[in-house]
Amino acid sequence: MGLESGQFEMWVWPWKPLRNFELQFILGTSTQPILAKDIVRTISVTPEVTTLTYTYESFTVKEHILVPRNEPGAILLLEVHTTQPLAIIPGYIPVMQPMWPAGIGGQYSYWNEEVNGYIISEGQKRAIIICGSPAGQQMAAPPAHMFADNPLQFKIEVKPGETDGKFIPIVIAGANPDTVSWKMNFDSVKATYTRLWKNAEQYYRENYNYYQNLRNSTMQITTPDKNINLAYEWGKVALDNLMVENPRLGYGMVAGFGLSGGGARPGFAWYFGGDAFINVLAMNSAGMFRQSRDALAFTQKWQRQENYPVRKLKRNDPPVDVGKMAHELSQSDGLCDWWNDYRYGYNHADTSPWYIVAMGDYVRTSGDIEFLKQSWKSVKLAYQWCLSKDSDGDGLMDLKGAGLGALEFGKLVGIYADVYTCGVFVQAVKEMNYMAELLDDKKTAKQADEQLKKAKPRLEKLFWLEDKGFYAYGATDKGEQVKEKTPWSGVAMMFGLLDEERTARSIEAFNSADLCTDWGVRTLSNKSELFEPTNYNYGAVWPFIGTFFNTAQFKHHFALSGYQILKANIAHVFDHALGVVPEVFSGELNEKLGEGYHHQGFSTTGYMLPLVRGLLGVTRDGVKKEIIVESNIPSHWSSVQLKNLQVGKEAGDILLSRKDNTIVLEEQPKTEKGVKIIFQPVSDGQETMKAVVDGANRTASLTEATDVIDLSSITTGSPGSTNTMLKFIAGYRKGKEYHLIVEGKSGAQSELRVLAPTSVSNVSGAVFESGVILINFDVSTGNTFIRKEIIITLK
């Protein structure tokens, strides 16, 4: 993990052998180094390799950074063209520390002539790393039994023309430890080192083929928007790259990646149950079923049992929290006693109901009932734990004695219940009923059905605020509502658990500029007394929130505002490290917070889920062999193609095309046995239309009332900008009238293009000229947004 300057740190899970790796160059007889970070000119990023190009008046060096997927090491291939003798100086600071919270001493390093590299290790040889090059020459003489303060450096000398058409390898290599002693063997490390540089082309091809297979074996989409297409493919790569093999712990999904600097926390590159379960929804949507199953299976290993993994203090102590799913697990477990010496392992309440939701979603979308049978004992244990946390018997799981919910600190922590956790719980009950019926577990199915009949009305009653017109964030054990305006009820709205009319009122309220920004959705209204724009829980913008609220916008016919938020979140894929989305942004500026890491998995899910299940409206049922297409595709799109849409063991393609007022779905090619496709395109203010593609008929056509506003005019905020753009609050039809409610900045003028100008007979509340609606917002005191209603009368 590194910076665009070329500087990086290296991890061979769970060890951090080095940091601040960077190149320097010395020309001829000069003694003045040229720093690579000062002459980096271009960066090329693909899933299989990253290339940095350094250029100077007399040389060009391309550094190809390749990390083989199944080897404990990395290969740097230098492509050098120089007109003068050139010395390339790689250097780095040795670290050799395990991931937080473990720590060791006794590290040392030395030069080894046999491999032309430095050996970095520690007294017990639990980790040994070689960093060097077959062309390397020693420059530093590190002290024995300790690390020096200065970087370890070696040099590679290149003469003009000597390396044309060739690569110079630099290798960082470890080895898998012995599974009894958990120590590394130097000969094994040396074998890895040699294998890596001698077979670099093979590893490149393996990487390339892996990511090509990831693309082709899962669902692909092609829309008229190239950024959406590219962001979707990068999203699959970003989620897949979170699947990590730890020698002690196994293969599971970590939460994200980020630079640890002088510390030992590489972002959130350890195993988080809740993050994995939320990401499973996105992976299921893309057809990444292998990754979903592996992520789920890994978490089952750490489900709390009577005396595992947390040990009882005394043999006769009663069991505690049996069935609860782990919140987080550091990759250094085994080098420290994670479960018993630290308090973080099970400190979240929402993780266990998310597990049940993710399991139900996986089984339904993949059709993998066999995995459900294998997991049923675990699922039932988690469900029983959730039921045990209904402290007052009202039908809802609450936070009393259960752990943390939506928030982790601040004034709103410690309340009796929050709408987020309760919403996840109610969906877990639904999924429990579904899974129990699949397995013919009548007793569990009946209990879950009765629980759902009790929980849903209570969810509605506990959190609805009639005077505010939206759902509350939380409630006390006395039923007093926490009336802060937050988007956390988006979870329950996404799953359709709340009253439809009230859901629409809530979304309309949440679409306002006090929550929605040009770069995403705030965690808290900026009108709240608790609002702090750089506070992680109380005002910052989380792309993660888009997972729920943005999907709910589309599912409840707020396609205009949904498209706007989706485009804002997708812009982050390209504004920072290409292909990944940072964890959290300021609530006042389109800028990543310093505490936010660059690659956070649930931030990728923040646009992947609303893109597939919201905008495209695609869900699948592998058990029933059905595809439901409830598309919200904007009217300026002529077509959308979905390729390799897997349903059970079958896969096919779907083409959505539009001409005039007709939208057509065509299955191409036809599946062998035939998959039922339920086609229900929707848009703002329209009644849902429906057609079924089944049997011999593989095409459906529906006449639609096309959108009025041309969404191609929607733009997103640039990095560093403030919240200034027009906000779509709602859009609906009344006969020949299209009512558009918007918010704009005080004193601003906004322009909206109309799709079919000749169909418009009149516009009130704005000026209509040459197919463009000009909306002027009055000047008011304060830097505020003003709401206006525009009525467009159609011929």
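A: What follows goes through the salt bridges and then turns to other sites. The model is predicted. It holds 30 salt bridges. Side chains of opposite charge can pair when their charged atoms come close.

Helix α11 covers residues 442–463 and contains R458. R458 forms a salt bridge with D394, and the closest N and O atoms are 2.9 Å apart. D394 lies in the loop between α9 (369–388) and β21 (417–418), so the pair ties together parts that are 64 residues apart in sequence. D394 has a relative accessible area of 12%, so it is buried. R458 has a relative accessible area of 23% and is therefore partly exposed.

A salt bridge also links K453 and D449, at 3.2 Å from N to O. Both residues lie in helix α11. They are four residues apart, about one turn of the helix. K453 counts as exposed because its relative accessibility is 59%. D449, at 30%, counts as partly exposed.

Helix α4 spans residues 226–240 and holds E233 and K236. Their side chains meet in a salt bridge, 3.1 Å from N to O. The two are three residues apart, so about one helical turn separates them. E233 is buried, and K236 is buried too.

S528 sits in the loop between β27 (520–521) and α14 (543–555). Its relative accessible area is 13%, so S528 is buried. The side chain of S528 makes a polar contact with the side chain of E484, at 2.8 Å. A polar atom of the S528 side chain also lies 3.0 Å from the backbone nitrogen of L530.

The whole structure has eight cavities of 30 Å³ or more. The largest cavity holds about 120 Å³. Its lining includes W13, W15, W182, R126 and R248.

Last, the surface. M1, L3 and L259 form a nonpolar patch with about 220 Å² of accessible area together. M1 lies in the segment before β1 (8–12). At 31% relative accessibility, M1 is partly exposed.

How values were computed:
Residues numbered from 1 in each chain as written. Predicted model: local features only at pLDDT ≥ 70, side-chain atom pairs only at ≥ 80, totals over all residues. Heavy atoms only, no water. Patch = residues over 30% accessible without salt bridge, like charges linked within 9 Å, V, L, I, M, F, W, Y side chains within 5 Å. Areas by Shrake-Rupley, 256 points an atom, 1.4 Å probe, with all protein chains shown as cover. Salt bridge = Lys/Arg side-chain N within 4 Å of Asp/Glu carboxyl O. Buried < 20%, exposed > 50% of the residue type's maximum accessible area, 1.4 Å probe, protein only. Polar contact = N/O pair within 3.5 Å; in protein donor to acceptor, adjacent residues only side chain to side chain. 1 Å grid on protein atoms, 1.4 Å probe; cavity = no way out; pocket = protein on both sides within 12 Å on 5 of 7 lines; lining within 4 Å. Points joined across faces, edges and corners; volume = space filled by probe spheres on them.
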